[in-house]
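Here is a short briefing on a protein model. Look at the chains first, then read the points below.

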Number of protein chains: 2
Amino acid sequence: MAGTSADGIDAACVRIDGSGKSMRVRFLWHRHRSFSASLRRQLLSAMAPAEIRTEQVARLHADLGDAFAQAAWEAIRAAGVRERPSLIGLAGQTVCHLPAVGRSAGACRGRTVTLQLGEPARVAARTGLPTVAEFRQSDVAVGGQGAPLVPWTDWVLFRRDSVSRAIQNIGGIGNVTWLSAGGAADEVIAFDTGPGNMIIDALVAHATGGRRRMDRDGRRAARGRVLHDVLAAWLQHEFFEMEPPKSTGREVFGQAFVAAQLKRLGAASSCPGDWIATATAFTARSIARACRRFLPGIGSGSAAVRPGQRRKYCRGKTRLRAPTELIVCGGGAHNPVLMAMLSAELPGVVVRPVAALGIPARAKEAVSFAMLAAARVDGVPANLPRATGAARPAVLGQIVHP
Amino acid sequence: MAGTSADGIDAACVRIDGSGKSMRVRFLWHRHRSFSASLRRQLLSAMAPAEIRTEQVARLHADLGDAFAQAAWEAIRAAGVRERPSLIGLAGQTVCHLPAVGRSAGACRGRTVTLQLGEPARVAARTGLPTVAEFRQSDVAVGGQGAPLVPWTDWVLFRRDSVSRAIQNIGGIGNVTWLSAGGAADEVIAFDTGPGNMIIDALVAHATGGRRRMDRDGRRAARGRVLHDVLAAWLQHEFFEMEPPKSTGREVFGQAFVAAQLKRLGAASSCPGDWIATATAFTARSIARACRRFLPGIGSGSAAVRPGQRRKYCRGKTRLRAPTELIVCGGGAHNPVLMAMLSAELPGVVVRPVAALGIPARAKEAVSFAMLAAARVDGVPANLPRATGAARPAVLGQIVHP
């Protein structure tokens, strides 16, 4: 898979036994492979709302397909003969995501339009393995936003009878999945929380003249101070007011957002470290607010329960009293400043990286798409209509045979 | 399917029994549905080498998907309960086709890049039927040009032991399939011959200020005279010198070609009828030349054989002596001036429309893609490497389940 950060490809190998809710997943291997500078340049130039030649879209579809094929090939070699994969899941690279109006920002009239590039037949031909792709279009075709698609996999991987968990992915965009203790799949709540690393990354790139793409280990944010007026203004963004299901993307919190905010940031402080600290706080605060506002189990004091104590999940308005955890995955889990801010914003909630559960933070999304590929082959619907807004459950993706 | 003319969708229903070379096909129903003016405008604005917003590509992918879904739905209703289809083949709308260098014009460095729009999951969701799509990418992924893909279906439909046949499609682009008497699939020769109706259509649109899109029944060409100097200059185009396999598209013989030739045409004649007659002759002459030059059985005198006489196909340089027919399909078969010019250019060859064989000329390509869908489900490779340049036979397309 390749995320909204547009920085490269995450390939993961997993072993999957069983199917549907009984699926068991063992993480084996992960590698992040950065895009070449030239491919990344092409990719960013194609990302909506860019103007581009149709030919470039076609070329990028092929080039990304080859990059995915290479990543898949390396994963197969790394897995070795004993664990040779039998199936590939290909998330593709989103270059345009405009969710249906009334549900989300960056919207289009009445229906969702989304486009993922990375030609799957090239992956299948190169690896000789059946490749499942175009997961999002299957959900969009039945009226969904095509995102988020990981909630079902989160439910399979992380649901517990005695603990309520929020799985917070912090990639380019942030998205959360709420798994109440003992809850069923159709009780899962999931939506995009807003920016993940996207604004932080863009400000680092701006401040370093493009030499750096991310705030490694949160070092720049650690040296800065949060500009509270700017933060307060950003938190007024209409996206945060919308009710789930909702999804967003680079169209809303990408380059255009950052470009529009540079003047405000420059007026508030001349120190780029302050800008980056503010963007980091923006991500943490918007996540925490979204959790408090839209998740039943994360409210003030709602987690003041002793570990081990067990309560049945209650539908409706009743606050959940089971202990709550926020499991963080995606690149943001490697940013200690962001993690600390999140913890501070969510008193009483145990915030911990997904690595503590046996899956590297950066590998988690790729693991999810491997699971979605298996669900496709098993014929198991894997969208959650409550999360995507789809009219009905759908088996996601298309199988491309080599 | 939707052709390079970008005028609309051809939907066909067929009944298919058997598989592979034993496939039997019965034509049931065909309908051409024109694109709405607004969709056609969007489509033409997206066609390479256009500049466009990535978002427009994504939107067009969805809009075309809906248009295909609507056409498929009408076909299903028209078929009625007794012949309710079980499978859909979706050719998609090509918006960019840049074949690999060294084989074709409008080329790109070393590999083919092609893009078809019309989101198949929307068709599957709307119709409730499995939908096979992305046929071309399967061939491109194994090194082919992704075109032409109809030759295998031509071989299944039209091969005879006692007659050698060339199947000439005249859509926006012209392409020919050569079926020698008694020849095997791997003896088929097929390639794009150059322009079909594309230049004629563009000149009619230019001459009428966009009020007409085509020369219905060849009426304008019939009133004009061929400008032989212009015709001779056009026939110098490098595409005609290239050896098969070769394919071409709107990038080479589309709007840019026409725009570049308007001055030359205006200097030669002020009468648009003459321009259209010349374009019609260009199509006929380029097809006839391609047949004489690259097909073993259509040469001067090569068809001077009595009907009923049977010769075994001979590989290599030996001229084939079986009687030859040129079966014309596509919109061009409805242009009597074009048909007459073709007959005149190919003395001794019986030129006849495919309708004489039970398939309406405009339906033929759609019938071929229905057959390709069936071949996908049967697991039968349906590209001919000799025709597309692919490294190996490949099962074409991806199955999208509803």
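How many residue pairs are in polar contact across the interface of chain A and chain B? The rule finds nine, both residues of each pair being at pLDDT 80 or more. A polar contact is a pair of N or O atoms within 3.5 Å; within protein, one must be able to donate a hydrogen and the other to accept it, and residues adjacent in sequence count only if both atoms are side-chain atoms.

This is a predicted model, in which local features need pLDDT of at least 70, side-chain atom pairs count only at pLDDT 80 or more, and totals for chains, interfaces and linings use all residues. Residues are numbered from 1 along each chain as its sequence is written, chains are lettered from A and ligands numbered from 1 in the order in which they are written, and side-chain values use heavy atoms, with hydrogens and water left out.

**The interface of chains A and B**

- In chain A, 42 residues are in contact (heavy atoms within 4.5 Å) with 42 residues of chain B.
- About 3,500 Å² is buried between the two chains, and carbon and sulfur atoms give 54% of this area.
- Buried area is the accessible area (1.4 Å probe) that two parts lose on being put together, summed over both.
- Four salt bridges are counted between chain A and chain B. Each has a side-chain nitrogen of Lys or Arg within 4 Å of a carboxyl oxygen of Asp or Glu.
- One salt bridge joins the side chains of A:D66 and B:R111, at 3.4 Å from N to O.
- Helix 2 of chain A gives the most to the side that touches chain B, with nine residues. Helices (H or I, at least four residues) and strands (E, at least two) are DSSP runs, numbered from the N terminus.

**Strands across the interface**

- Strand 3 of chain A and strand 3 (residues 51–53) of chain B run antiparallel, joined by three bridges. Two strands pair if DSSP finds at least two bridges between them.
- A:E51 has B:R53 as its bridge partner.

**Helix 6 of chain B**

- Helix 6 (residues 198–207) has seven buried residues out of 10. Buried means under 20% relative accessible area (1.4 Å probe, protein chains only).
- Among the buried residues are B:M198, B:D201 and B:V204.
- The buried residues pack against several elements of chain B, including strand 9 (173–179) and helix 11 (272–294).
- Just after helix 6, B:G209 takes a positive phi of about 60°.

**B:A361**

- B:A361 lies in the loop between strand 12 (350–353) and helix 13 (364–378) of chain B.
- B:A361 is buried, at 4% relative accessible area.

Key: Buried < 20%, exposed > 50% of the residue type's maximum accessible area, 1.4 Å probe, protein only.
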